[in-house]
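Student: I have a model open and would like to talk it through with you. Can we go over it piece by piece?
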Amino acid sequence: MTMTFADIQKQAQEEWDALQKGKAPQIAVGTATCGRSAGAMAVVKAFEDELAQKNITAHIREVGCSGPCYAEPLVNIDKPGKPTISYKNVNPDMVTEIIDAYLLGDDPLPQYTLGSFGEGKIKGVTRFLDTPSFKPQERRVFRNCGIIDPTNITHYIANQGYEGLHKALTTMTQQDVVDEMKASGLRGRGGGGFPAGRKWEAGLAAKGTPKYVVCNADEGDPGAFMDRAVIEGDPHSVLEGMIIAGYTIGAETGYIYVRAEYPLAIRRLERAIAQAHEKGFLGKNIMGTNFNFEIKIFPGAGAFVCGESTALTLSIEGKRGMPRVAPRPRTTEIGLYDKPTLLNNVKSFSSAPMIITKGAEWFASVGTEKSTGTAIFALTGAVNNCGLIEVPMGITLREIIYDIGGGVPDGAEFKAVQTGGPSGGCLPASLLDTPIDYDSLDEAGSIMGSGGMVVMDEKTCMVDVARYFLDFTEIESCGQCVPCRLGTKQLLEILKEICKGKGRKEDLDLLYELSLAVHGGSVCGLGQTAANPVLTTLRYFKDEYEAHIFEKRCPAKVCKSLISFVIREDKCKGCGICAKSCPVSAISGEKKKVHVVDQSVCVQCGVCQEKCPAKFSAVDCVSPRVKVEAAAETETS
Amino acid sequence: MEDRLSEILSPYKGKRDALIPILQKVQAELGYLPDEAMLEIARVTGLPESRVFAVASFYAQFRFTPRGKHSFMVCRGTACHVRGAEKILEETERSLGIVEGETTEDKEYTLETVACIGCCALAPCVMIDEDVEAKLTPKMVSEIIDRRKAQ
Ligand SMILES: Cc1cc2nc3c(=O)[nH]c(=O)nc-3n(C[C@H](O)[C@H](O)[C@H](O)COP(=O)(O)O)c2cc1C
Ligand code: SF4
Ligand code: SF4
Ligand code: SF4
Ligand code: FES
Ligand code: FES
């Protein structure tokens with residue numbers, strides 16, 4: 001019954017080659033969550049219908065995220081002997097056109113393409129490798145995302161999948177694996193950056209049975225989706241990393257703690273686990289050895305603090321996910337069910353197979369001395385090319401934002417870049433040449449984080465951003481530590497007052513002192529880092545705080561209590577559109593005459609500005625507020 | 001409801017550490033966690049009632065009131081926030097006539113916010129049931145809601 005791994009590999013390779021080298025064209029549609037929301041499923045359907053109707057033989061496959069989310073739905077078409085062409089923002093109508101022009105004919109429709117990759121060049125289509133946006137990228141963790149069908153284990157196997165596991169099980173001792181991981185220099189990709197090899201070593205050394213392996217796929221940073229993309233696009237790489245880890249420390253059970261808000265990721269994992277079982281990569285006597293391993297999925301129930309290791313393990317046990325307090329155990333010694341537990345992030349596990357297959361030296365061949373390998377970011381916000389990127393550690397923020405991200409849209413000015421989510425900080429333009437690595441970002445007051453990177457332009461208020469993150473941490477604090485519970489509340493209150501124009505001079509010092517107190521008096525990372533958004537904005541954007549406090553002015557015109565919408569007499573043509581759409585009927589005026597906003601009624605929703613026809617653009621937003629007649633001042637928050 | 005409940009709970013008799021998956025299953029089935037269900041879960045698993053309530057209330061996923069037919073989730077993640085999520089939420093509240101956490105009187109919509117729906121590149125966005133509406137402006141939100149109401 002059992003095939004050897006070599007047989008399995010050979011069969012997979014043949015199947016993959018038949019696809020790659022066959023005569024039929026291949027069509028790969030990105031159907032990860034973001035592709036789906038952009039309409040990818042309708043595109044798949046259109047291809048299926050159209051190909052059937054026109055009697056064309058071609059292989060359609062659904063693939064994961066290939067990164068350029070701004071170009072979704074994204075379709076890659078491979079014609080035999082031609083480089084692969086990526087079509088961007090494809091809709092069902094374009095499908096017909098593309099099939100007629102490129103599959104039936106030979107016109108690649110360059111106007112619809114994003115670029116091409118692989119050998120050769122197609123006239124009119126840019127090669128990805130020649131663009132500033134793709135050239136600096138190095139796809140390692142994303143090696144298979146957007147290429148293979150994540151629901152098909154043979155695709156993964158044909159691309160060196162499970163080779164690392166086979167090598168570890170058949171040629172390496174547990175200590176050998178630890179040594180390789182240590183030599184690679186891989187640091188935990190969940191944000192903290194603890195050396196993975198050292199953690200694995202501690203897991204191996206820990207006394208007690210059973211031991212557990214836990215994959216942290218809680219992905220709590222609001223505004224980041226790297227881990228989800230890896231799971232949706234290449235679930236087997238995560239499983240393989242976990243199985244290797246299980247062998248290394250001597251565990252027989254693994255858990256994946258994944259956000260319940262990621263239903264597609266959960267389905268992909270379930271399927272991948274079943275397939276790995278079929279091939280004998282999970283279960284009893286894996287690959288003919290006496291090593292046994294099972295993986296279970298645990299859907300998290302939506303508490304940010306459960307991303308913290310000790311809270312996460314308690315949550316799997318069915319308890320409230322509160323970080324363990326004194327004495328705070330090391331999870332490698334006392335973790336899940338109080339047993340030795342090796343807990344790593346999705347990307348850390350997904351990196352392990354390549355380290356074993358290709359070697360530590362290969363892994364460390366990119367990156368910096370102390371931060372080896374690549375970093376993955378979900379690049380979003382005020383940047384032209386939003387999406388997932390993978391870059392060598394050490395690349396600068398400037399290269400990421402301007403080369404890969406294509407700069408800030410609409411000619412707006414760059415203001416800040418935020419990494420590390422609620423635990424991170426906002427860095428200003430003067431630090432754009434900071435290299436991306438754990439230590440440089442720490443030094444600048446931010447953190448590497450798990451991969452969220454949000455670019456902000458002049459339309460973002462930095463006080464409001466600090467308030468936004470504190471709002472988040474205040475809600476998510478589990479409340480065990482007084483400085484965390486009360487400190488975040490107090491910080492939030494002060495920030496809210498400043499945003500309302502009620503800030504006081506002494507608030508700046510108070511914010512700073514409270515921040516230090518919250519940092520110093522908190523048990524877990526949530527509290528310890530909660531003040532980072534406040535500290536970095538105070539450090540780099542103090543002028544904005546001062547404008548709010550002393551001039552009652554919000555420079556970005558975001559804080560509602562500090563702005564007014566006014567209609568310009570010289571531009572208003574009296575069309576009345578704004579008056580009709582104002583939700584509180586604050587605008588009046590006769591037809592064809594200048595309209596006015598009654599400031600005592602206006603709630604600063606901005607709808608009038610959005611609705612006033614572009615050719616008039618008669619509504620201005622101003623800060624500080626225009627004076628309101630006597631006592632009519634309204635209270636808004 | 002009782003039949004369905006006992007059916008869901010039958011494999012979990014005495015399984016104390018399966019509490020969270022049980023709560024998830026019951027909520028998926030009933031739409032929320034009514035008191036009777038919570039008491040039944042405590043009975044079947046053998047956990048103290050206080051523990052069942054304490055765990056359920058800790059996690060944001062669990063709800064204790066019935067929900068509308070459709071869920072309307074406004075993303076408040078960082079990417080959406082810097083692209084105007086607050087205004088999207090306000091417009092949604094105005095158009096639906098309810099505030100975050102509430103359900104419309106006709107029991108059609110429950111309005112909630114969510115930390116990130118993973119379409120940050122298309123921010124700001126909302127998710128209505130399983131459909132994502134992306135790159136929104138307040139105006140588009142009111143149009144979407146008007147359109148749905150008209151249907
Ligand atoms: C409040 C809080 C939330 C966290 N959320 C996550 C998360 O969502 N994903 C993650 O991998 N690590 C998260 N971490 C870090 C984990 O505690 C842990 O360090 C990490 O998962 C270890 O894996 P790594 O060494 O591979 O990075 C969080 C930490 C804290 C304090
Ligand atoms: S620091 Fe905050 S979140 Fe962490 S254990 Fe203390 S109270 Fe809970
Ligand atoms: S900002 Fe909103 S409330 Fe104020 S006048 Fe314009 S539409 Fe009316
Ligand atoms: S929509 Fe613009 S032009 Fe028309 S009445 Fe209002 S402010 Fe004037
Ligand atoms: S390219 Fe689709 S999720 Fe990113
Ligand atoms: S921040 Fe809104 S989808 Fe991610």
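Student: What separates the centres of domain 1 and domain 2 of chain B, taken over C-alpha atoms?

Tutor: This is a predicted model, and in it the centres of domain 1 of chain B and domain 2 of chain B, taken over C-alpha atoms, are separated by 30 Å.

Student: And where do those two domains of chain B run in the assignment?

Tutor: The domain assignment of chain B places domain 1 at 2–58 and domain 2 at 70–150.

Student: OK, switching to chain A: what is the strand order in the open sheet of 4 strands?

Tutor: The order in chain A is S8-S7-S6-S9, and the pairing is parallel. Strand S8 (294–300) and strand S9 (341–345) of chain A stand at the edges with a single partner strand each, so one side of each has no neighbour in the sheet. Neighbouring strands of this sheet are turned by 20° against each other on average, direction ignored.

Student: Over how many bridges do S7 and S8 of chain A pair?

Tutor: Strand S7 of chain A, residues 253–259, pairs with S8(A) in the parallel sense over 7 bridges, and A:Tyr257 stands opposite A:Phe298 in S8(A).

Student: Now the ligands: which residues are closest to ligand 2?

Tutor: Ligand 2 is surrounded by 13 residues, the closest being A:Cys478, A:Gln480, A:Cys481, A:Cys484 and A:Cys524. By class, its shell holds 8 nonpolar and 5 polar residues, with no charged ones.

Student: And which come nearest to ligand 4?

Tutor: Of the 13 residues around ligand 4, the nearest are A:Cys572, A:Cys575, A:Gly576, A:Cys578 and A:Cys612, and the shell around ligand 4 divides into 9 nonpolar, 3 polar and 1 charged residues.

Terms used. Residues numbered from 1 in each chain as written. Chains lettered and ligands numbered in written order. Predicted model: local features only at pLDDT ≥ 70, side-chain atom pairs only at ≥ 80, totals over all residues. Heavy atoms only, no water. Near = heavy atom within 4 Å. Nonpolar A, V, L, I, M, F, W, Y, C, P; charged D, E, K, R; others polar. Domains from an automatic or database assignment. Pairing = 2+ DSSP bridges. Helix = DSSP H or I, 4+ residues; strand = E, 2+ residues; numbered from the N terminus. Axes fitted to C-alpha atoms, helices over the stretch in contact; angles between N-to-C directions.
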